[in-house]
Amino acid sequence: MARYEWISSSPEETMTFAEELGHRLQSGDVLTLEGDLGAGKTTFTKGLGRGLGVKRTINSPTFTIIKEYVGRVPFYHMDVYRLEDSDEDLGFEEYFEGDGVCVVEWAHFIEEFLPKERLDLTIKYSDEMRRTFILEANSGHFDEICKEIIR
């Protein structure tokens with residue numbers, strides 16, 4: 001597993017970084033996204049969707065758990081926070097092994113359902129505007145993508 005760090009100085013930088021990542025993703029890619037409330041997970045996901053060609057407004061699927069968007073590949077945005085202390089499987093495998101890209105917020109709550117090959121992202125507050133992104137590439141595919149976007 002390769003580990004990378006990247007620092008964002010603004011929401012706009014976060015969106016651009018995520019968009020660059022989105023341009024490089026392909027069907028079957030799974031990303032996990034961890035971070036405190038307000039750390040920028042939704043901002044990041046909006047940029048990722050933009051890079052995947054999603055035209056609809058992306059917002060957090062907190063109450064629906066999974067939102068689906070149309071882009072150059074299907075984009076599945078999951079917020080599994082409400083599944084804490086639950087062993088309910090909502091058909092995650094179908095999404096993870098399907099033809100789209102998945103981003104899973106609060107993924108540690110469904111660790112047992114996650115594929116091994118994925119990109120794990122953690123967003124940490126640095127200060128009021130800055131965020132530190134920690135990326136852990138769990139495959140050669142994601143390692144190459146990280147090398148391309150973190151210059």
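How many disulfides does the count come to? The count comes to zero disulfides, a disulfide being a pair of cysteine sulfur atoms within 2.5 Å. This is a predicted model, in which local features need pLDDT of at least 70 and side-chain atom pairs count only at pLDDT 80 or more, while totals for chains, interfaces and linings use all residues. Residues are numbered from 1 along each chain as its sequence is written, and side-chain values use heavy atoms, with hydrogens and water left out.

## Cysteines

A disulfide is a covalent bond between the sulfur atoms of two cysteines. The cysteine sulfur closest to that of Cys102 belongs to Cys146 and is 17 Å away, which is too far for a bond. Cys146 is accordingly in no disulfide. Cys102 is buried, with a relative accessible area of 0%; buried means under 20% relative accessible area, exposed over 50%, and partly exposed in between (1.4 Å probe, protein chains only). Cys146 is also buried, its relative accessible area being 0%.

## Helix H4

Helices (H or I, at least four residues) and strands (E, at least two) are DSSP runs, numbered from the N terminus. Helix H4 spans residues 140-149. Its buried residues are Phe142, Asp143, Ile145, Cys146 and Ile149. They cover an arc of only 165° around the axis, so they lie on the same side of H4; the arc is that of the directions from the helix axis to the C-beta atoms. These buried residues pack against S1, H1, strand S2 (30-35), strand S6 (119-125) and S7, where contact means heavy atoms within 4.5 Å.

## Salt bridges

Side chains of opposite charge can pair when their charged atoms come close. A salt bridge is a side-chain nitrogen of Lys or Arg within 4 Å of a carboxyl oxygen of Asp or Glu.

| Salt bridge | N to O distance |
|---|---|
| Arg3 and Glu5 | 3.3 Å |
| Arg24 and Glu148 | 2.7 Å |
| Asp143 and Lys147 | 3.4 Å |

The salt bridge between Arg24 and Glu148 has its closest N and O atoms 2.7 Å apart. This pair links distant parts of the chain, with Arg24 in helix H1 (residues 11-24) and Glu148 in helix H4, 124 residues apart. Arg24 is partly exposed at 25% relative accessibility, and Glu148 is partly exposed with a relative accessible area of 40%.

Asp143 and Lys147 both belong to helix H4 and are four residues apart, about one turn of the helix. Asp143 is buried, with a relative accessible area of 16%, whereas Lys147 is partly exposed at 46%. Elsewhere, salt bridges that share partners join Glu20, Arg24 and Glu148 into one network.

## Aromatic pairs

What is the number of aromatic pairs in the structure? There are six aromatic pairs. Rings of Phe, Tyr and Trp (its six-membered ring) pair if their centres lie within 6.5 Å; planes under 30 degrees apart count as stacked, over 60 as edge-to-face and the rest as tilted.

One of the pairs is Trp6 with Phe17, which is stacked, at 3.9 Å centre to centre and 5° between the planes. Trp6 lies in strand S1 (residues 2-8) and Phe17 in helix H1, so the pair ties together parts that are eleven residues apart in sequence. Trp6 and Phe17 are both buried, and the relative accessibility of Trp6 is 18%.

Trp6 also pairs with Phe133; here the rings are tilted, 5.4 Å centre to centre with 55° between the planes. The Trp6 and Phe133 pair links distant parts of the chain, from strand S1 to strand S7 (residues 131-137), 127 residues apart. Phe133 is buried, with a relative accessible area of 1%. Ring pairs link Trp6, Phe17, Phe44 and Phe133 into a cluster.

## Thr14 and the aromatic residues

Which residues does Thr14 contact, leaving aside its neighbours within four places in sequence? Thr14 is in contact with Trp6, Ser8, Thr43, Phe44 and Phe133 once those neighbours are left aside. Among these contacts, Trp6, Phe44 and Phe133 are members of the ring cluster. Thr14 itself lies in helix H1 and is buried, at 5% relative accessibility.
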